[in-house]
Amino acid sequence: MEVSGTSAPTVTVFISSSLNSFRSEKRYSRSPTIAEFKCKLELVVGSPASCMELELYGADDQFYSKLDQEDALLGSYPVDDGCRIHVIDHSGVRLGEYEDVSKVEKYEISPEAYERRQNTVRSFMKRSKLGPYNEELRAQQEAEAAQRLSEEEAQASAISVGSRCEVRAPGQSLHRGTVMYVGLTDFKPGYWVGVRYGEPLGKNDGSVNGKRYFECQARYGAFVKPAAVTVGDFPEEDYGLDEM
């Protein structure tokens, strides 16, 4: 086959291999020799350069030629954008052998042995008193959480089930409804107020994650923090449903 130089400095091609079933899209310079190009492909296909045989296919997947002149430049072959370079491996590895991770031996270590090691992330965090190993910070966070819970409990104690209310949730417009639940929940920590709206403005039917806290129609129920709830003599809103 006659080879000739091309002027474009780089080319985008697809790389396939006899070792696996997937393709990689890569951009390469046209300047390396085929021998140098094979070395670059080692990290892509996992085959040693000395065991590679290269074939060039066009964008329509039609076979063009073999890239078998080790000292020829990649750009001296008719390699263009969209072409595919197929790597045939002659090392003896079987197709898919590098894809089946179940055959890879896993390294396992017991929690006790990991705890004794001194060069781990956990040991570094302990020495540096970071994250959960910062006792002062953890104590401060626990105190702040207890304070928030105490404040929420006091706010919740002033809200009675059955009361009419207005809800001013952050980022939402004012809504009116009826208090259906007040207390702790399983879905999030702290105190929550379950509200039944007069129109489908909510997110649930009074149940969350399979646990029911009160009864209402779908999308008429919502849970908000006590601070967002104001109880009072708020009549139900008239949406004009009876008007002609």
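Which side chains meet in a salt bridge of 3.0 Å, N to O? They are those of lysine 66 and glutamate 55. A salt bridge here is a side-chain nitrogen of Lys or Arg within 4 Å of a carboxyl oxygen of Asp or Glu.

The model is predicted, so local features need pLDDT of at least 70 and side-chain atom pairs count only at pLDDT 80 or more, while totals for chains, interfaces and linings use all residues. Residues are numbered from 1 along each chain as its sequence is written, and side-chain values use heavy atoms, with hydrogens and water left out.

**Salt bridges**

The whole structure holds 13 salt bridges. Three of them are listed here.

| Pair | N to O distance |
|---|---|
| Glutamate 53 and lysine 66 | 2.5 Å |
| Lysine 66 and glutamate 55 | 3.0 Å |
| Glutamate 115 and arginine 122 | 2.7 Å |

Glutamate 53 lies in strand β3 and lysine 66 in strand β4 (residues 63-66), 13 residues apart. Glutamate 55 is also in strand β3, 11 residues from lysine 66. Helices (H or I, at least four residues) and strands (E, at least two) are DSSP runs, numbered from the N terminus.

Burial is judged by relative accessible area: under 20% is buried, over 50% exposed, and in between partly exposed (1.4 Å probe, protein chains only). Glutamate 55 is buried at 11%, whereas glutamate 53 is partly exposed at 24% and lysine 66 is partly exposed at 32%. Glutamate 115, at 35%, counts as partly exposed, and arginine 122, at 29%, counts as partly exposed. Elsewhere, Arg23, Asp61 and Arg84 are linked in a network of salt bridges.

**Nonpolar cores**

A nonpolar core is a set of buried Ala, Val, Leu, Ile, Met, Phe, Trp, Tyr and Cys residues joined through side-chain atoms within 4.5 Å. The largest has 19 residues, and Ile15, Leu54 and Ile85 have the most contacts inside it. The elements giving two or more residues to this core are β1 (10-17), α1 (34-45), β3 (52-57) and β5 (84-89). Helix α1 supplies the largest share, four residues. A second, separate core of 12 residues includes Ile159, Ala169, Val193 and Ala228.

Contact means heavy atoms within 4.5 Å. Not counting residues up to four places away in sequence, isoleucine 15 touches several residues, among them Phe22, Arg23, Phe37, Leu41, Ile85 and Val87.
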